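The structure comes first, then the notes.

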Amino acid sequence: MKTCWQVLGIEATTDTDAIRQAYLALLPSFHPETDPQGFKQLREAYDNALQETKSPAIAAVEEDPDTPWVNSLREIFRDLLADEERRFQPQAWQEFIQQINKLSISQVEKARWWLCAIAMQTSPISYSCLKLLSDRLAWEQGSDNRDVDAEEVEDLLFEIRRGDLFDYSQLLHLPMAAQNQTIVLYEALESTFFVKPRYFMKLMAQHGPWIIPGDLRFHRRLLRWFSSLHLGVAELLPIAQTWQEAEPNNATPGYYHLAQRVFCGEGDSLLPELCAQWREHPSTQLDALLLRWCRQHRPDYFPLLVMAVEAREQVDIDGEPLLYIPGSSARTCALWAEALHDGRGVLSPLGESFIVRRLKFGEAAISEEHSQHPCWPLYLVAERLASAEEPDEALLQRLITQLDAPTISPLEALIIRSLLVQAAAISARHEAGDNATVTMVATPNVGESGGSFGLWQIIQIIFFVGAICHLLIRFMH
């Protein structure tokens, strides 16, 4: 492959005027319409020649006995980095290192930081391959060479230690432009994933086909990326399953497997496993998965499931339950409000009336007209709990009987257990003599003058303001 100076037909120089004159003299011979490839090669040679004039680190050194050897090594290295078939092959880099091994110690020392400077100016580059050169030239030992910046060297060494996102040699069958575009895109995604998630989402939404290399480690990275955006990709399911089978004691692949199945829209076949995972390894991430699945496939249970998730979260630092009124947390109110105003009509009239009752204090209780709904007993218990009142014994016994039914779904069983636990907590609170405290929190308290706000009204206002703020934040996001 010709160097930029050979294409321009001049000797290496830092004179920009001479470079420009050589370029303009050859330009008529390479018209972009009749000879686009020749024009592209000439333009690249011109740009590279101008770039070399701005880079003292790779300019020709003063003539001494070692200069021809060092300059030759520099050109060989530049050719390697520009060769679309060899630049990502470790074997090609090993062959280049063999060329270095043929030089004397003084020649190697003079070329040491020149090669580093060239590497810092090259993008994209295989850091895994570059590590071979870094180890040979001992870049980790630092430099007193004023032609290279110490901080830039340290940044390069950091990238070398981190390595490539995947095996870049899998792209060698593609044109160089496609290779570069693919690597640059993935490096941008990796760098913005944790630091600038907004830019990450914009990059993920870019139009155009993606080139997916066949690299297992990179496939797991893609699994994490798409799951973070709540995007389901069917092709990632076997990757998640294989990872889970390879590391059964690792909760991370198990979560990603469940997440992709939820995001891909899997229905009832997923529910038993999802509920079991939620009980055994509870977390906010699994809360979100379970709520998303319920909202898609069992919307009638969604308001009740929100209360079950709330009960799991209302614990102190030691895991002990906190004293609270079921359905009163800010997150619960926000989730209810979001479902109520979703616009897709996923809630049943019973679920809507329950949420309206809880969010608009003073509204009428849920109507008997919904008594034929299968979830009616559950909502009756939830209504009493949200009012800090003990549900009727007969109603609770009905839930216990329903819990023992062999055909009960895992989601319904999960909700019933949560309601029973909350009912037991309120009952124990009443038996312990806290009935006056609970009543004060659960019912309006009119002052002696008859016109002042009570504690219940204050709590209502706080929850309402918190829910509105949460919705505004989500809308702006």
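## Helices α19 and α20

In this predicted model, helix α19 (residues 376-386) packs against helix α20 (residues 393-403) at an angle of about 135°. Their axes lie 10 Å apart. Angles over 145° count as roughly antiparallel. The pair α19 and α20 is therefore oblique. The crossing of α19 past α20 is left-handed.

From α19, the residues in contact are P377, L378, L380 and V381. They meet L395, L396, R398 and L399 of α20. By class, this contact of α19 with α20 holds seven nonpolar residues, one charged residue and no polar ones.

## Helices α15 and α17

Helix α15 (residues 284-297) and helix α17 (residues 330-340) pack at about 25°, with axes 13 Å apart. That angle makes α15 roughly parallel to α17. Their crossing is right-handed.

On the α15 side, D287, L291 and R295 make the contact. The contact of α15 with α17 counts four charged, three nonpolar and no polar residues.

## Helix α16

How many of the 12 residues of α16 are buried? Nine are, so α16 is largely enclosed by the rest of the structure. The buried residues are F302, P303, L304, L305, V306, M307, A308, V309 and E310.

The length of α16 (residues 302-313) also checks out. At 1.5 Å a residue, its 12 residues should span 16 Å. The end C-alpha atoms of α16 are 17 Å apart, which agrees.

Key:
Residues are numbered from 1 along each chain as its sequence is written. This is a predicted model: local features need pLDDT of at least 70, side-chain atom pairs count only at pLDDT 80 or more; totals for chains, interfaces and linings use all residues. Side-chain values use heavy atoms; hydrogens and water are left out. Axes are lines fitted to C-alpha atoms, for helices over the stretch in contact, and angles run from 0 to 180 degrees between N-to-C directions. Helices (H or I, at least four residues) and strands (E, at least two) are DSSP runs, numbered from the N terminus. Angles under 35 degrees count as roughly parallel, over 145 as roughly antiparallel, 65 to 115 as roughly perpendicular and the rest as oblique. A crossing is left-handed if the near helix is turned anticlockwise from the far one by less than a right angle, and right-handed if clockwise. Contact means heavy atoms within 4.5 Å. Ala, Val, Leu, Ile, Met, Phe, Trp, Tyr, Cys and Pro count as nonpolar, Asp, Glu, Lys and Arg as charged, and the others, Gly among them, as polar. The expected span of a helix is 1.5 Å times one less than its number of residues. Buried means under 20% relative accessible area, exposed over 50%, partly exposed in between (1.4 Å probe, protein chains only).
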